[in-house]
Amino acid sequence: MTLDAARLGQSIAPMPDTTLDLRGLRCPLPALKTRKALTRLAAGDRLVVECTDPLSTLDIPNLINQTGDVLEGSETQPGLFVFRIKKA
């Protein structure tokens with residue numbers, strides 16, 4: 001059986017990413033605010049976290065290991081660390 005979204009009058013488009021701007025915050029605030037933001041998301045939603053604290057490169061992946069969510073990717077730009085997380 002297939003789902004006919006048009007017939008049901010519903011959209012099955014994915015939710016847009018939520019971006020969390022944590023620039024300027026120091027450890028442990030980026031990890032704490034990321035944890036809080038993840039509790040507000042539904043399974044399958046994505047969270048993009050932007051940090052300037054170098055310790056976030058350790059703290060955010062460790063947090064994701066604890067919560068069971070998925071770190072889909074991370075990138076480092078000069079002075080900026082970006083994490084893409086999918087809520088489990």
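**Strands, helices and core**

Me: Which residue is the bridge partner of Asp21 in S2?
Reply: Keep in mind that this is a predicted model. Strand S1 covers residues 18-22, and strand S2 covers residues 46-51. The two pair in the parallel sense over 5 bridges. In S2, the partner of Asp21 is Glu50.

Me: What handedness does the β-α-β unit of S1, helix H2 and S2 have?
Reply: Helix H2 spans residues 29-39. The unit is made of S1, then H2, then S2. Its hand is right-handed.

Me: In what order do the 4 strands of the open sheet lie?
Reply: The pairing in this sheet is mixed. S1 and strand S3 (70-77) are the edge strands, as each pairs on one side only. From one strand to the next, the twist averages 15 degrees. The order is S1-S2-S4-S3.

Me: What angle does the direction of H3 make with that of S4?
Reply: H3 packs on the sheet. There it touches S2, S3 and S4. Its direction and that of S4 make an angle of about 5 degrees.

Me: How many residues are in the largest nonpolar core?
Reply: In soluble globular proteins, nonpolar side chains tend to be buried together. Here, Leu20, Leu38, Leu47, Val49, Phe83 and Ile85 touch the most other members of the core. S1, H2, S2, helix H3 (56-67) and strand S4 (80-86) each give two or more residues to this core.

Me: Which peptide bond is cis, with omega near 10 degrees?
Reply: Look at the loop between S1 and H2. Pro28 lies there. The cis bond runs from Cys27 to Pro28.

Me: Is Gln66 buried or exposed?
Reply: Gln66 lies in helix H3. The cut-off for exposed is over 50% relative accessible area. Gln66 has 59% relative accessibility, so this residue counts as exposed.

Me: What is the length of the polar contact between the side chains of Gln66 and Arg35?
Reply: A polar contact is a pair of N or O atoms within 3.5 Å. The side chains of Gln66 and Arg35 are joined by such a contact. Its length is 2.9 Å.

Terms used:
Residues are numbered from 1 along each chain as its sequence is written. This is a predicted model: local features need pLDDT of at least 70, side-chain atom pairs count only at pLDDT 80 or more; totals for chains, interfaces and linings use all residues. Side-chain values use heavy atoms; hydrogens and water are left out. Two strands pair if DSSP finds at least two bridges between them. A crossover is right-handed if, with the strands pointing away from the viewer, the path from the first strand over the helix to the second runs clockwise. A nonpolar core is a set of buried Ala, Val, Leu, Ile, Met, Phe, Trp, Tyr and Cys residues joined through side-chain atoms within 4.5 Å. Buried means under 20% relative accessible area, exposed over 50%, partly exposed in between (1.4 Å probe, protein chains only). Axes are lines fitted to C-alpha atoms, for helices over the stretch in contact, and angles run from 0 to 180 degrees between N-to-C directions. Contact means heavy atoms within 4.5 Å. A polar contact is a pair of N or O atoms within 3.5 Å; within protein, one must be able to donate a hydrogen and the other to accept it, and residues adjacent in sequence count only if both atoms are side-chain atoms.
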